[in-house]
Amino acid sequence: MQIQIIAVGNKMPHWVVEGTEEYLRRFPADFSVSFTEITPQKRGKTVNLEKIKEIEGNKCLQAIPKGNRIIALEVLGKAWTTPKLASQIETWKMDGRNVSLLIGGPEGLSNDCRNAAHQMWSLSPLTLPHPMVRVIVTEALYRAWSVTQNHPYHRE
């Protein structure tokens, strides 16, 4: 199974790159996780933020390979524990499709992204910095994968 994390934003701080790469390298070949970066639109005082969110959302949707299951990371989504995420991973594997996780820009995901999503996952009711979300998501996926493999990384 392949998990593609589509994230609005580029030029991440060094600590984000190091953090995500640390977990990405741990995944086995049969459970690959990768990032697709969407270049954010320019923001300024006079821009229409809803239009920017729509443009970025369209770019996210265009980056999803046909047939992928779409999971939107959304504050209003469902919160999953590590065991629940592990169960989701098993369900996704049985589904036979690859998965695309969507991380929006500073204004969040467009309505089109939320409507296209098969599921919405909330990491927290807090608003989190988008660079940090990348590290949290890759670690959470690795931890949940380790649960599915009886790997000692996750200890309750």
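These legends go with a set of close-ups of the predicted model. Local features are reported where pLDDT is at least 70, side-chain atom pairs count only at pLDDT 80 or more, and totals for chains, interfaces and linings use all residues. Residues are numbered from 1 along each chain as its sequence is written, and side-chain values use heavy atoms, with hydrogens and water left out.

**View 1. An open sheet of five strands in the order 2-1-4-3-5.** The strands pair in the parallel sense; strands and helices here are DSSP runs (E, at least two residues, for strands; H or I, at least four, for helices), numbered from the N terminus. Two strands count as paired if DSSP finds at least two bridges between them. Strand 2 (32-38) and strand 5 (119-122) sit at the edges, each pairing on one side only. From one strand to the next the twist averages 30°, with axes fitted as lines to C-alpha atoms (for helices, over the stretch in contact) and angles running from 0 to 180 degrees between N-to-C directions.

**View 2. Strand partners, residue by residue.** Seven bridges join strand 1 to strand 2, and Ile-6 faces Thr-36 of strand 2 across that pairing. Strand 1 is mostly covered, with six of its seven residues buried; buried means under 20% relative accessible area, exposed over 50%, and partly exposed in between (1.4 Å probe, protein chains only). Strand 3 and strand 4 are held by four bridges, also parallel. Here Ala-72 stands opposite Leu-102 of strand 4.

**View 3. The largest nonpolar core, with 25 residues.** A nonpolar core is a set of buried Ala, Val, Leu, Ile, Met, Phe, Trp, Tyr and Cys residues joined through side-chain atoms within 4.5 Å. Ile-3, Leu-85, Leu-101, Trp-121 and Leu-141 have the most contacts inside this core. Strand 1 (2-8), strand 3 (69-79), helix 3 (82-95), strand 4 (99-103) and helix 5 each supply at least two residues, and helix 5 gives the most, with seven. A second, separate core of 11 residues includes Ile-38, Cys-60, Leu-102 and Leu-109.

**View 4. Tyr-23 meets Tyr-142.** This aromatic pair is tilted, at 6.2 Å centre to centre and 45° between the planes. Rings of Phe, Tyr and Trp (its six-membered ring) pair if their centres lie within 6.5 Å; planes under 30 degrees apart are stacked, over 60 edge-to-face, and the rest tilted. Tyr-23 belongs to helix 1 (residues 14-24) and Tyr-142 to helix 5 (residues 130-148), so the pair ties together parts 119 residues apart in sequence. Both tyrosines are buried. Arg-26 lies over the face of Tyr-142, at 5.4 Å from the ring centre; to count, NZ of Lys or CZ of Arg must be within 6 Å of the centre and within 35 degrees of the ring normal.

**View 5. Arg-134, a buried arginine in helix 5.** Its relative accessible area is 4%. Among the residues that Arg-134 touches are Asn-10, Thr-20, Phe-35 and Glu-37; contact means heavy atoms within 4.5 Å, and residues up to four places away in sequence are not counted.

**View 6. Asp-112, partly exposed in helix 4 (residues 111-116).** Its relative accessibility is 39%. Asp-112 touches Asn-58 and Leu-61, again not counting residues up to four places away in sequence. Leu-61 is 51 residues from Asp-112 in sequence, yet the two are 8.3 Å apart in space, C-alpha to C-alpha.
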